Amino acid sequence: MSTSGSWWLLLLGLVLAVALEIAGAGAPEAEAADHGTIDEAVTALDDLATAHWNEAGLEPAEEAPALTVARRLSLALTGSIPSLEEIRAIEGLPRRAAITAHLDRLLHSRRSADYLAERLARAFVGTDEGPFIVFRRRRFVHWLSDALAEGRPYDALVREMVASEGLWTDAPATNFITGHDRDPVKLTARTTRAFLGMRLDCAQCHDHPFAHWKQADFEGLAAFYGGIRQTLTGIEDSDEAFHPGGRMMMMADDAPAAVPTVPFAREALPEGGRRREQLAAWITSPDNPAFGKAIASRIWTLMVGRAPSRSGVDDIEGDMRLPGLLDHLAYDFVGHGHDLRRLIRIIALSRPFGVAAEPDPSPRSVAFAAFPMVALRPEQIAGALVQLADLHTVDAESHVLLKLMRFGNTRDFTERYGDAGESELDEQAGTIMQRLVLMNGKVARERVEANIFTAAGRIAGLAQSDERRLDTLFTVSLSRLPSEAERALFASWLAGAKGEGRMKAMEDVLWTLVNSTEFSWSH
């Protein structure tokens, strides 16, 4: 190559380098978007909690045993207790390793996706079957479960629910629209509670003198849902709802017109696209702090059993039990691509989730310096009953008959025990009728029965000593070994028993454990 040709190549390289440097000058560096590893996020959360406890003069409870934390995780993520198979897999591991291993197994299990999908669906579309024909709740839940199993970003799911078009069978996310009968008022109330963690529906009819949000805010949001129509091809948006000057009829033709507006973070509202696309983009925008806080509040409440806000899971502006908690979780959540699994991991590995429990009322449990003891929800008790009757994990790989039995038992028990529906995350105490259902109900009676098909019967025949039988019964029901006092008491029930007598003694012990407060409360 000639000398002049080399100079030309050199000059061209310099020009390209300068051009690339100029093009990248305005782009943030990769480190700027890095909010830290999970361990760093957990440490920051622990530091935040510790600072608050120190300021309040609270000494946090000691660490809970690994199996206790594993039980909390199973109840939170699958609505059941750990199986003997799962417990044996983590026994003997160091505490942190055992918790992490169990968490990994649960997060990659389809039963976790199925369970969390139902819990979230209750917040998104409620528990009713909704309008006939045009609403497919089971299709919606299955779509949501598939998305969670695939690890899809949460903001993408919300945008799809709010803005999607199509048939409710082929485009399951549209069931968010049809499930509310395309009513702008219902959709706005649901949107603000489920996706923004705010009770804006109190401003639906009038301006409350002490409310932060006004009627105009509610109407402005509702206007984004105006003009949705239902055709043979499904849900679509119509320009018929628009009037000269860009105004939109919010409800009926004789209702006052409302201009689509958002109550805060207005700079996050894009100009282009359909109205519902604009709304979906605003809801999920990184500049909208309420979005990340709302889902952080819901996931925390699902896992810990008590909302961060004293006024409930749907009020991110309320009096916080642990100040700064939602800000920290939301910042990390948005900064890492709206990753629900990461959010769950941070909560699960944090100090507030891992401390020992203590009964209420307790200043420590209120501030999450001790794990709150709250009554399990009906589906959690039903799931625990189904699992304790089998030594292996009841999951998607189980025999179809076992899965059908679990579905039937859970449904029947929940109906009799009392399902709180959409309000399931509100703090509730157990009732006398619920205790009677647990003590005398068919589901509990069948699950503690000792025969060749149940855990009680198999433990009776396979365990080589009464001590081993007793240890295993405690493990499958309470995820722990008996204390010395408990061992002394129940050993006398099993002593010398053989054949049918041993089976009956095993049933009596397991029935007693199942009807203990410890079984039906988080701890």
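Here's a quick tour of this structure, from the whole chain down to a few single residues.

What you're looking at is a predicted model, where local features need pLDDT of at least 70, side-chain atom pairs count only at pLDDT 80 or more, and totals for chains, interfaces and linings use all residues. Residues are numbered from 1 along each chain as its sequence is written, and side-chain values use heavy atoms, with hydrogens and water left out.

**The chain overall**

- The chain has 26 helices and seven strands; these are DSSP runs numbered from the N terminus, with helices being H or I of at least four residues and strands E of at least two.
- Of the 523 residues in the chain, 53% are buried (buried means under 20% relative accessible area, exposed over 50%, partly exposed in between, with a 1.4 Å probe and protein chains only).
- Take the contacts with a separation of 6 or more: 68% of them come from residues 24 or more positions apart (a contact means heavy atoms within 4.5 Å).

**A strand pair**

- Strand S1 (residues 228–231) pairs with strand S2 (residues 234–237) in the antiparallel sense, over four bridges (two strands pair if DSSP finds at least two bridges between them).
- A hairpin of two residues links S1 to S2, and isoleucine 228 sits opposite aspartate 237 in S2.

**The cavity**

- There's one cavity of 30 Å³ or more, and the largest cavity holds about 40 Å³ of space.
- On a 1 Å grid over the protein atoms alone, a cavity is a set of points where a 1.4 Å probe fits but cannot get out, while a pocket is an open set with protein on both sides within 12 Å along at least five of seven lines; lining residues have an atom within 4 Å of a point.
- Grid points are joined across faces, edges and corners, and a volume is the space filled by probe spheres set on the points.
- The largest cavity's lining includes Thr188, Leu221, Tyr225 and Trp282.
- Helix H10 (184–196) and H12 each give two or more residues to that lining, with H10 giving the most, at four.
- That lining divides into six nonpolar, three polar and no charged residues (Ala, Val, Leu, Ile, Met, Phe, Trp, Tyr, Cys and Pro count as nonpolar, Asp, Glu, Lys and Arg as charged, and the others, Gly among them, as polar).

**The second largest pocket**

- The second largest pocket has a volume of about 400 Å³.
- Its lining has 30 residues, with Val374, Ala375, Leu376, Arg377 and Gln380 nearest the centre.
- Helices H3 (66–78), H13 (289–304) and H18 (378–388) each supply at least two lining residues.
- By type, the lining of this pocket splits into 14 nonpolar, nine polar and seven charged residues.

**Three buried residues**

- Threonine 301 is in helix H13 and is buried, at 1% relative accessible area.
- The threonine 301 side chain reaches the backbone oxygen of serine 297 at 2.7 Å (a polar contact is a pair of N or O atoms within 3.5 Å; within protein, one must be able to donate a hydrogen and the other to accept it, and residues adjacent in sequence count only if both atoms are side-chain atoms).
- Asparagine 288 is in the loop between helix H12 (275–284) and H13, and is buried with a relative accessible area of 2%.
- A polar atom of the asparagine 288 side chain lies 3.2 Å from the backbone oxygen of tryptophan 282.
- Alanine 156, in helix H8 (residues 154–163), counts as buried at 19% relative accessibility.
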